[in-house]
Amino acid sequence: MRRWTVRTHLAGLVALAAATCARGERAPAAGPAVIDDAHRRVTLAVPARRIVSLLPSFTEMLFAIGAGDRLVGRTAWCDYPPAALAVPSVGDGIPPNVEAVAARRPDLVVLYRSGPNVTAAEQLERLGVRTVLFDLNRLEELGSVARRLGVLTGHRAAADSLARAMDSLVSQGPESPTPNPKSLAFIVWDNPPIVIGAGSFLDRLAGLAGAHNVFHDIATPSAQVSIETIAARNPDFIAVLSDTAAPPRYAGRPEWRVVPAVRKGRFLVLPGGLFGRPGPRAAEAVRELRRRLETTP
Amino acid sequence: MKYLVLAGAALATLAAALLVGPANLPLADLASSPIVWQLRLPRAVLAFLVGGALGVAGTSLQALVRNPLADPFLLGLSGGAGLGAVAAIALHLPGPWALPLAAFVGAVGAMALVYRLGLVGGGELDPRILLLGGVAVGALAGAITTAIVSLAEATELRNAFLWLWGGFSGASWTTVLVMLAYAPLPLGVLIAAARPLDLLALGEEPAQYLGADVRRLKRVVYLAASLLTAAAVAVAGVIGFVGLVVPHVCRLLWGRLHRTLLPTAFLTGGVLLAAADTLARTVVAPRELPVGIVTALLGVPVFAFLLRRWTVG
């Protein structure tokens, strides 16, 4: 009778241990989990400790939420903050060099959701590397990306406060609406002329700075237009992204001088690092654009 | 008669190009507006000149290699031009003329290489080797271009391809003058070769017996047509289809004699490209279509209709 009891106790213990083990195996479900923009459920056993970021905006954002020290790989384009340059580069990332990324032995790879990147993510997953794909085309998407990066890195508090700042930036109108808002056109290439449309974060950035993008009616992020169309829209300013302060090389050409803003030399030369990508410095970019709109004659 | 029709079409096309555009100009302002003088007019004239040059170059090359599929860009020129343009951007060559000049140099370099390959069999330029050499040189240039694009870290490289796909956004009186100063020589050389080109259609040996200096003819026609195409690339990028289809359209409509074929190909090519460019910059306004798409959309149905009419008839 006694022996029987001991046996049942033992069996009970074994069963209990087995159950504990099973719970232990299920533990990843209790770790950080998010749904990414490819509608995949991304779960980690523990917050990510070795991260490869394949977009400069994600790199900036990881540093901004205090997870910069978790980065073990970045793209050749990731140049902000300066501390990012100390992280090893895995190439230009277009498309990602899957082997170079895997060689960093990451436990999370953060990618922008594009065709080639989705393929690269699938390849990395087959190698046992967890990946997360985010959309980041509009300022409105910054907050949601920051929150999910906060969950995956365990830096929720910092990420949530950054996300709140981003959300309040995009939900507000211009701080001081001007009665006659200045108009501008972003010209990103001259031959053929490519301008920024409403699908780009730059369009929203201009709106927040109190300016009107004359190509707001074009829904795509960018579009090819003719010089004549730019002249007909007659923007007050031509905004160009460049790291040199000089006006663009086409400024002196006769066909471009038909555009009044070009003829008058009303260029806003915006630093590419700050304005070339949506990121945690969006508010700084808005202030900088507003300042230039006010100070450029 | 055909020249009257073509001249009428050319005038109508030019008028349309001047009258329509995304800027709504009142008729009274047309004559004084800088939009007309600095943008629409040089653009229409340049499109006409480039279309004409491609039409003539295509006609001559089809006669030279005696292959209806020949196209001014088939013989390695587009690959060479692309390599030149991409190299100019990767090397950060300064100045507004760096890109077109580099594309021109690339096209002429490819032409020289193909020409040299064409002579491998001896002193005689072999049209079959020209075609094969053109494809091979084009592939080589394309491979080097891709290598530069994937290795160089310049965001502007994508835009080199936009430029290369062709268009007249950068048209100005300067580019029109460049074309006007450059094109007459190769055009004149090709038109002067009209009679021997007719003889060449009979085959190289019969042409030789009938008094054509075939060896010299092949060299001169190849070089003139290629130099004409290289100039078109420099001012407008690679615009496909015009040089392929215009010669066939003219041959179907007005016969095979090069004395009429070459001038009509010039006018037809000009009308087609100027009309295509007007449509490219107006139909999806405020946006703009790459002009090569419009030439294909306009040209293919016309071509198919003509083919059907002539093969059935």
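## B:His92 and the ground rules

B:His92 counts as exposed, with 10 C-beta neighbours inside 10 Å. The cut-offs go like this: a residue is buried if 20 or more other C-beta atoms lie within 10 Å of its own, exposed if 12 or fewer, and partly exposed in between, with the C-beta atoms placed from the backbone. You'll find B:His92 in the loop between helix H3 (77–90) and helix H4 (98–118) of chain B. Helices (H or I, at least four residues) and strands (E, at least two) are DSSP runs numbered from the N terminus. The backbone at B:His92 has a positive phi of about 55°, although the residue is not a glycine.

This is a predicted model, where local features need pLDDT of at least 70 and side-chain atom pairs count only at pLDDT 80 or more, while totals for chains, interfaces and linings use all residues. Residues are numbered from 1 along each chain as its sequence is written, and chains are lettered from A and ligands numbered from 1 in the order in which they are written.

## Confidence

The model comes with ipTM 0.80 and pTM 0.82. For chain B, the mean pLDDT (the predictor's confidence in each residue, from 0 to 100) is 88, and 99% of the residues reach 70 or more. As a rule, where pLDDT is low, the predicted coordinates should not be read in detail.

## Chain A at a glance

Chain A has 11 helices and 12 strands. Of its 297 residues, 44% count as buried. Take the contacts in chain A between residues at least 6 apart in sequence: 58% of them join residues at least 24 apart. A contact here is a pair of residues whose C-beta atoms, placed from the backbone, lie within 7 Å.

There are a couple of backbone details to flag in this chain. A:Tyr80 and A:Pro81 are joined by a cis peptide bond, with omega about -10°, and A:Pro81 sits in the loop between strand S4 (71–73) and helix H3 (98–103) of chain A. A:Arg105 isn't a glycine, yet its phi is positive at about 50°. Its place is the loop between H3 and strand S5 (108–112) of chain A, and A:Arg105 counts as exposed because 11 C-beta neighbours lie inside 10 Å.

## Two domains in chain A

Chain A splits into domain 1 (29–171) and domain 2 (182–295), with bounds that come from an automatic or database domain assignment. The C-alpha centres of these two domains of chain A are 29 Å apart. Their contact takes 17 residues from domain 1 and 14 residues from domain 2. On the domain 1 side, helix H2 (56–64) and helix H6 (156–171) of chain A are the elements that give two or more residues. That side of domain 1 divides into 12 nonpolar, 2 polar and 3 charged residues. For these classes, Ala, Val, Leu, Ile, Met, Phe, Trp, Tyr, Cys and Pro count as nonpolar, Asp, Glu, Lys and Arg as charged, and the others, Gly among them, as polar.

## Where A meets B

The contact between the chains takes 24 residues from chain A and 24 residues from chain B. On the chain A side, strand S10 (222–224) and helix H8 (227–233) are the elements giving two or more residues. H8(A) gives the most to that side, with 5 residues. By class, the chain A side has 14 nonpolar, 4 polar and 6 charged residues.

## A helix pair in chain B

Helix H13 (residues 258–282) and helix H14 (residues 291–312) of chain B pack at an angle of about 115°, their axes 8 Å apart. Axes are lines fitted to C-alpha atoms, for helices over the stretch in contact, and angles run from 0 to 180 degrees between N-to-C directions. H13(B) passes H14(B) in a right-handed crossing; a crossing is right-handed if the near helix is turned clockwise from the far one by less than a right angle, and left-handed if anticlockwise. Residues making the contact include B:Leu272, B:Leu273 and B:Ala276 of H13(B) and B:Val294 and B:Leu298 of H14(B). Sorted by class, this contact has 8 nonpolar, 2 polar and 1 charged residues.

The loop between H13 and H14 of chain B holds B:Pro286, and a cis peptide bond joins B:Ala285 to B:Pro286, with omega about 10°. Further along, B:Trp310 lies in helix H14 of chain B and counts as exposed, with 12 C-beta neighbours inside 10 Å.

Note on methods
Two residues are in contact if their C-beta atoms, placed from the backbone, lie within 7 Å.
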